[in-house]
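This report goes through selected features of the structure shown below.

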Amino acid sequence: MEKYGVAASRYPTQFPRNQWYVAGLARDFGRVLQQRWLLDEPVCFYRREDGTPVALADRCIHRQMPLTLGRLKGDDVECGYHGILFAADGRARKVPSQKHVPDRCRVRAYPVVESGGLLWIWMGDADRADAASIPGHPWLDSPQWRVVGGTLHMNCRAQLLNENLLDLSHVSYLHPDSIGTDDVAEADVETEIEDRRVRVTRDMHDVMAPPAFEKVLGLSGRVDRKQVAEYFPPGFHVSHLDVKPAGATDESATFRHKAIHCITPERGKSAHYFWLLTRQYRIDDDEIDHLWLQAIPRVLEQDIVASEAIEEVLAAYEPEYPPEINIKVDAGPLAARRIIARMVAEESAEER
Amino acid sequence: MEKYGVAASRYPTQFPRNQWYVAGLARDFGRVLQQRWLLDEPVCFYRREDGTPVALADRCIHRQMPLTLGRLKGDDVECGYHGILFAADGRARKVPSQKHVPDRCRVRAYPVVESGGLLWIWMGDADRADAASIPGHPWLDSPQWRVVGGTLHMNCRAQLLNENLLDLSHVSYLHPDSIGTDDVAEADVETEIEDRRVRVTRDMHDVMAPPAFEKVLGLSGRVDRKQVAEYFPPGFHVSHLDVKPAGATDESATFRHKAIHCITPERGKSAHYFWLLTRQYRIDDDEIDHLWLQAIPRVLEQDIVASEAIEEVLAAYEPEYPPEINIKVDAGPLAARRIIARMVAEESAEER
Amino acid sequence: MEKYGVAASRYPTQFPRNQWYVAGLARDFGRVLQQRWLLDEPVCFYRREDGTPVALADRCIHRQMPLTLGRLKGDDVECGYHGILFAADGRARKVPSQKHVPDRCRVRAYPVVESGGLLWIWMGDADRADAASIPGHPWLDSPQWRVVGGTLHMNCRAQLLNENLLDLSHVSYLHPDSIGTDDVAEADVETEIEDRRVRVTRDMHDVMAPPAFEKVLGLSGRVDRKQVAEYFPPGFHVSHLDVKPAGATDESATFRHKAIHCITPERGKSAHYFWLLTRQYRIDDDEIDHLWLQAIPRVLEQDIVASEAIEEVLAAYEPEYPPEINIKVDAGPLAARRIIARMVAEESAEER
């Protein structure tokens with residue numbers, strides 16, 4: 001591990017492309033053309049008549065017109081400028097005013113997979129896309145877990161959130177009105193770093209319950225609380241959050257949650273933030289859904305406000321970088337930074 | 001002609017300066033100082049007491065104060081900062097607080113010509129300005145033609161509109177609610193390319209009338225329709241538009257129009273769009289004026305929306321350029337691109 | 001002195017850092033964290049419990065979080081992201097989740113001095129800060145002078161205002177509705193240039209009173225009017241303004257003012273403009289306070305509008321610079337430009 005106090009490597013300036021990213025909640029996409037920028041590319045999303053999701057480069061190969069300004073015709077898209085008709089695999093079917101459809105007249109089709117209520121997209125070489133490499137997420141498809149979720153947007157680089165999620169000591173200071181208490185920052189941390197995963201564990205016994213636990217779970221006073229932040233680069237996070245009355249030994253007294261955070265670079269210094277919260281208790285209780293649907297975006301907005309404020313500082317120093325130091329809790333975030341850098345370097349080496 | 005499918009030369013990054021551009025509708029200018037940026041230069045427009053139009057560099061040679069923030073005094077302009085008084089030829093008449101008026105104390109005066117209800121400006125070397133090289137526009141001054149017009153603005157490069165106007169196949173897809181039908185895109189096209197003119201002709205017999213023809217002209221069902229798009233680089237377009245009931249042989253049954261489009265680069269990636277529509281029928285009918293004054297800006301705004309969307313895509317790839325292919329209908333647009341590039345190259349060679 | 005008509009050296013692109021700048025009116029700062037950018041750096045201001053002002057770099061050394069988004073705890077500031085606690089001297093007292101507080105865990109503390117109702121800040125090497133080098137301003141602390149003031153902001157480079165204030169011929173053209181008459185621009189000017197001061201004097205006898213004098217002072221008709229604009233680089237200006245009925249010999253008939261202008265670069269092409277007006281007459285008359293508090297911002301906003309318009313022109317030509325000439329009244333402004341350039345060059349030489 002990098003030694004504390006040694007100047008951190010900087011934030012990655014690129015993200016790897018031969019990876020699965022979350023393009024949005026599955027429910028965001030339908031029988032309508034929808035533009036979303038991902039990793040600096042405009043993508044046109046829609047569903048075929050049979051519901052299969054489609055992602056095409058959102059710029060006509062002829063004159064860069066966004067296809068999303070055109071028309072959905074069955075499973076095809078007609079460009080709204082000069083009428084070239086593209087099939088869902090990106091090949092042109094028709095070029096008005098000429099009979100020949102050149103083979104090069106096609107737009108890129110991105111591999112997509114719908115799974116766990118999320119739409120996953122592969123931003124790199126389509127031949128290398130393997131759905132098996134999507135990180136597991138069994139609770140998102142299980143009838144024993146209840147899921148709520150939403151979509152947020154950030155005017156800052158994606159990596160700021162990737163690192164935020166790997167140092168949960170921040171909840172003590174950034175979220176004291178909801179999920180933070182002093183205990184979190186002071187808890188011992190265990191960081192496990194693998195090739196394609198970082199895991200940061202805080203196991204807290206007999207600590208104060210934060211305000212949100214009382215409000216949503218009816219838990220006040222002393223609790224046992226375990227946080228495991230798992231990061232699957234480049235942008236998928238699972239925070240395993242278990243809480244129970246302090247010392248309770250009855251397994252059924254534990255409130256289990258998985259908080260899923262999907263951080264996808266958008267354009268330059270902005271990113272998408274798709275979140276889900278699953279729970280294994282009171283799964284038919286709409287009131288709990290409602291409470292989390294209110295509480296979570298408030299918490300995440302605090303993260304976004306902090307990250308955007310940091311982005312503004314960083315931007316003012318570009319292309320230089322202001323001095324920075326690392327502390328003990330940065331082991332996880334710095335590992336994330338190194339993995340991204342390594343992924344980018346590997347891709348770059350392969351292209352050569 | 002360039003072969004289809006071969007990568008297009010890119011959009012021109014510069015426009016020639018030793019050319020006449022349209023600075024606006026003549027009625028836009030009066031006894032008031034008015035700023036308009038043209039080809040990345042701020043220009044101060046006004047009329048002398050006798051009505052003659054004047055165009056001066058809109059930055060005082062002393063400290064760059066826009067003259068348009070000063071005062072019109074008779075035929076002169078007084079800078080609103082330190083009071084230097086400039087005559088309509090750009091020479092300083094008075095420098096307050098000193099007796100000597102340095103010869104170098106002058107601002108550039110641009111040659112201007114008022115003709116056809118338009119104000120033409122020469123953005124280059126004044127000695128080379130020759131009003132005879134302004135493209136002809138007899139219908140704009142003729143009592144047999146009735147003119148309506150207006151001013152629009154676009155947040156995209158001028159060339160996007162120059163090319164839009166030379167490939168009218170787009171009306172089928174971008175303007176189906178007004179002037180487009182499928183017939184237009186499918187019609188045979190004849191492209192004539194000269195040194196200083198591009199002409200694209202679509203002669204359509206016995207085709208469906210688009211919605212606007214019924215609304216304005218009372219023409220529905222089958223019509224004969226002829227479009228000739230003429231481009232006089234760098235930014236003057238005349239679309240000759242004739243329409244009559246299908247098969248009508250009586251010349252008086254033809255509705256004749258000239259749609260004049262004047263595309264002038266403004267600043268960086270923005271442009272002015274001045275338009276006029278002249279017609280040779282019902283020239284005293286205010287109702288027809290009113291209908292075209294409503295219909296035309298709606299059509300042109302669709303072109304602007306498309307062009308601005310394309311600009312946004314292009315901007316995201318700069319300084320690189322996304323891949324692009326050409327199709328048959330691009331003969332006219334590509335010729336326009338080459339003429340602009342040649343004009344710029346010739347100017348650059350002359351300066352050396 | 002530089003000869004008129006010879007191309008001016010350009011505006012300085014940097015300002016010296018080993019200098020005192022005004023950070024604001026003293027009343028702007030209190031027991032709250034407040035961000036202000038100065039010379040392209042974010043600064044966190046607050047007062048200790050005993051009222052002493054503090055200025056810290058407004059970015060946590062850990063991850064660039066603005067400290068102003070944290071919490072004031074006694075005399076210390078707790079970062080709102082990961083809870084590092086900084087003392088008023090910038091040293092960390094506590095790093096949550098670890099016992100060791102690294103020596104490098106500190107933020108920069110800027111020397112500040114509160115004097116004359118202003119907060120002065122030293123943006124360079126703290127060891128070289130000497131309060132004795134702050135320009136004198138006895139009237140700001142004297143019971144015989146009454147002070148009103150305010151804070152303005154400009155979207156243009158600071159130097160535009162530094163030069164505006166050294167060529168008061170502009171009041172005739174930019175402020176004719178308040179403090180300008182033709183006499184000002186036409187008055188003889190005496191310019192004295194020292195190493196660290198520029199003084200421009202206009203002594204006007206038997207001239208017309210401008211509108212503001214009648215409104216505020218009850219002085220109309222002919223007056224004797226003396227303007228001495230003193231500039232203490234890099235950004236402190238004292239305009240000594242005396243006015244009396246023309247020919248009056250009774251000293252008590254003179255209305256004496258000192259207009260204090262503090263121009264401090266903010267970020268890139270923007271600046272702070274802090275102003276004070278002191279007077280030596282009717283010092284207990286709130287109505288006079290009120291009249292000046294209304295009149296002065298209106299005048300200064302005219303300067304800002306002009307400067308911002310010039311900035312827009314300059315920006316369009318960057319990195320080039322449009323042609324420019326100097327005239328007689330520019331002796332003071334050009335001297336200011338040279339002093340700034342010299343200060344920057346000296347600092348740069350010292351650093352080598």
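## Terms and basis

A residue is called buried when its relative accessible area is under 20%, exposed when it is over 50%, and partly exposed in between, with a 1.4 Å probe and protein chains only. Helices (H or I, at least four residues) and strands (E, at least two) are DSSP runs, numbered from the N terminus.

The model is predicted: local features need pLDDT of at least 70, side-chain atom pairs count only at pLDDT 80 or more, and totals for chains, interfaces and linings use all residues. Residues are numbered from 1 along each chain as its sequence is written, chains are lettered from A and ligands numbered from 1 in the order in which they are written, and side-chain values use heavy atoms, with hydrogens and water left out.

## A hairpin in chain B

Strand β4(B), residues 53-57, is mostly covered, with 5 of its 5 residues buried. Two strands count as paired if DSSP finds at least two bridges between them.

Within this pair, A55(B) of β4(B) lies opposite F45(B). The hairpin has 5 residues between its strands, and G51(B) takes a positive phi near 95° there. In a regular strand, side chains alternate between the two faces of the sheet.

## An open sheet in chain A

In chain A, 4 strands form an open sheet with antiparallel pairing, in the order β5-β6-β7-β8. β5(A) (71-73) and β8(A) (92-94) stand at the edges with a single partner strand each, so one side of each has no neighbour in the sheet.

Strand β7(A), residues 85-86, is joined to β8(A) by 2 bridges, and the two run antiparallel. K94(A) in β8(A) is the bridge partner of L85(A).

## How chains B and C are related

Two copies of a chain are related by a rotation about an axis and a shift along it. Chain C is superposed on chain B by a rotation of 120° with 0.0 Å of shift along the axis, at an RMSD of 0.0 Å. This is the relation of a three-fold axis. The superposition is by least squares on the C-alpha atoms of residues with pLDDT of at least 70 in both copies.

Which residue of chain C comes closest to the rotation axis? P319(C) does, with its C-alpha at 10 Å.

## Salt bridges

A salt bridge is a side-chain nitrogen of Lys or Arg within 4 Å of a carboxyl oxygen of Asp or Glu. Over all chains, the whole structure has 105 of them. One of them pairs E350(A) with R128(A), whose closest N and O atoms are 2.6 Å apart. This pair links distant parts of the chain, 222 residues apart: E350(A) is in helix α6(A) (residues 331-351), and R128(A) is in the loop between β10(A) (118-122) and β11(A) (146-154). E350(A) is partly exposed at 46% relative accessibility, and R128(A) is partly exposed at 42%.

Another salt bridge joins E312(C) to R267(B), with the closest N and O atoms 2.7 Å apart. It crosses between chains, from helix α5(C) (residues 286-317) to the loop between β16(B) (255-265) and β17(B) (271-279). E312(C) is partly exposed, with a relative accessible area of 39%, and R267(B) is partly exposed at 26%.

In chain B, E324(B) and R337(B) form a salt bridge with closest N and O atoms 3.7 Å apart. Both residues, E324(B) and R337(B), are buried. They belong to a network of salt bridges that links R63(A), E163(B), E324(B), D330(B) and R337(B).
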